[in-house]
Amino acid sequence: MKRRDFLRQGAAAGACAAGIFRVAVAAEPMPKVLVVGGGYGGATAAKYVRHWSAGRIEVTLVEPDDRFVSCPLSNLVLGGSRRIEDLAMDRRGLERHGVRIVADRVASIDPGRRAAVLAGGGSLPYDRLVLSPGVDFIWNELPGLHAPAAREGILHAWKAGWQTQALRAQLESMADGGTFVLTVPPAPYRCPPGPYERACQVAHYFSREKPRSRVLVLDANPDVVSKGALFKRVWKERYGGIVEYRPRFHTVDVEPGAKAAISELGDRVAGDVLNVIPPQRAGDVARQAGLATANGRWCPVDFLTFESTQAPNVHVIGDAIQTAPLMPKSAHMANQHAKVCAAAVVDLLSGAAPQARPMLTNTCYSFVSDTDVIHVASVHAYDEARATFLAVRGSGGLSAEPSELEGRYAHSWAANIWADTLG
Amino acid sequence: MVMDLGCLRRVTLPGALLAVALLLPQGVRADDGARLAATCTACHGTDGHTLGDALPPLAGQPIEALLASLRAFKSGERSATVMTQIAKGYSDEQLERIAAFFAGQPEGRDGAAAPAAPGRGR
């Protein structure tokens, strides 16, 4: 018997043995979930749709970068206690859960046809789409940086990777006695305490290696956005004479050559290293799909399912959404969005109603030195009457003071959330 | 066969849903305990399979011990950096379901393989 005939006969016999229902089932395609973006939100959603459907939903993740680089902990690269390689991982663990990874970028979404068009050509169909596009920057609010060439020397380092390393290199080559100027955009932006942790990390580096140097924080907001009392105490007690904090300095333009930030009142502040964290909005793909209708910046969602209010069968999670009250744009929160969304997607594809009262937590650690850490934590419950998540009264809080113990917990958090996201 | 019964149960579902509903029998979906417990697992590892030695593992621990800890964190009787603040966000009944979920998980590392070691990403 030729091999081909053997296979054909074998297949026919198998079909008979399994009976008519199984043949009918086998002919039905598995429901398809397409996840766009492989960061904290998207990777977690892809894994948990597989996990909670017992592998009965086909999950494809589209992500152009083969490396996951953690934004949490990346300020430690600026402080010098971690290398960017320490924060870079692959996504092979997701493949062990049966997630198919497509190394491409989604160019556009067609909700009518339920398909995503790939930049590299072709399109992928879906029954439900989960978008976790992160943030992109609103460059036209900083005219001096609007042209990409102007940005070469002025880094944001607000997406961990080569920018983080390049900013570290700028700090290393700065002469002692220089000034590091950091601009903070108006809230909301990714990682509320991140800029202030960064100020601590650079101050930590200066205190060890360049003690005559200064850190100047120009904050568009009226006060430190997160963990304010703790950060201000650290700056005073540990980094007195190094960190200067200036609120209500809303950077509206930048002179890249002079390394100067210009405020809306016309104040001009130049530094030796200028680090501009630009104003932010939902990632390009969500905006192009017409989902970012809140202020033209963020994507409103139904908080029970994270389905977009603008397009059926399209869910949006992570930093890109219009948040509920007191909900930070954090990696931990993206992980939590992903799980509520994944559970709802499995419910909906099973013909069931989504769970009525989902919960979320947030725990966010900030390193104020190479070892000492402070946290903020919160618990959020879905409120049916207001159709949003509300912080549970009496829960949550802050550290009393920085501690090495919380430094150990912060590293434990990183190891566990990386495994929960990618493993 | 569970799958076949699932097909028969759902033939009344409306058109578009039918094709996808066929493959997802009711029992497949995560129960409330799994979903509530998933709010803990960013710090405590998938299904309570905790990595490292800074935190105790939760998977497969006795339900009484898990619940006693959660209640003590909630009341403040047991001090902690974060858990006293988190536990207060849950009702007693939610804490019971969370404890029951983790107690029902196999001990060890099942389903919680660590990602590739940092630094070997490329």
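**A chat about chains A and B**

Visitor: Which helices do the buried residues of α7(B) pack against?
Guide: They pack against α3 (32–37) and α5 (63–75) of chain B. Packing here rests on contacts, meaning that the C-beta atoms of two residues, placed from the backbone, lie within 7 Å. A residue is buried if 20 or more other C-beta atoms lie within 10 Å of its own, exposed if 12 or fewer, and partly exposed in between, again with C-beta atoms placed from the backbone.

Visitor: Before we go on, what kind of model is this?
Guide: This is a predicted model, where local features need pLDDT of at least 70 and side-chain atom pairs count only at pLDDT 80 or more, while totals for chains, interfaces and linings use all residues. Residues are numbered from 1 along each chain as its sequence is written, with chains lettered from A and ligands numbered from 1 in the order in which they are written.

Visitor: Back to α7(B): which of its residues are buried?
Guide: B:Gln94, B:Ile98, B:Ala99, B:Phe101 and B:Phe102 are. They sit on the same side of α7(B), because they cover an arc of only 160 degrees around the axis; that arc is taken from the directions from the helix axis to the C-beta atoms.

Visitor: And what's on the face turned away from the buried side?
Guide: There you find the exposed residues B:Asp92 and B:Glu93.

Visitor: How many helices and strands does chain B have?
Guide: Seven helices and zero strands. Both are DSSP runs numbered from the N terminus: H or I of at least four residues for helices, E of at least two for strands. Of the 122 residues of chain B, 40% count as buried. Among its contacts with a separation of 6 or more, 57% come from residues 24 or more positions apart.

Visitor: Over to chain A. What's the strand order in the open sheet of four?
Guide: It is β13-β12-β11-β17, with parallel pairing; two strands pair if DSSP finds at least two bridges between them. β13 (243–246) and β17 (273–276) each have a single partner strand, so one side of each is left without a neighbour in the sheet. The twist averages 15 degrees from one strand to the next.

Visitor: How many bridges join β11 to β12?
Guide: Six, between residues 179–184 and 214–219 of chain A. A:Thr179 stands opposite A:Arg214 there.

Visitor: Which helix lies across those strands?
Guide: Helix α6 (residues 194–209) of chain A lies across β11, β12 and β13, at about 170 degrees to β12(A). Axes are lines fitted to C-alpha atoms, for helices over the stretch in contact, and angles run from 0 to 180 degrees between N-to-C directions.

Visitor: What about the sheet with β14, what's its order?
Guide: That open sheet runs β14-β15-β16 in chain A, with antiparallel pairing. Its edge strands are β14 (251–255) and β16 (268–270). β15 (residues 260–263) pairs with β16(A) over three bridges, and A:Ile262 stands opposite A:Arg268.

Visitor: Last one: at what angle do α2(A) and α9(A) cross?
Guide: Roughly 35 degrees, with their axes coming within 8 Å. The contact includes A:Tyr40 and A:Trp52 of α2(A) and A:His337 and A:Cys341 of α9(A).
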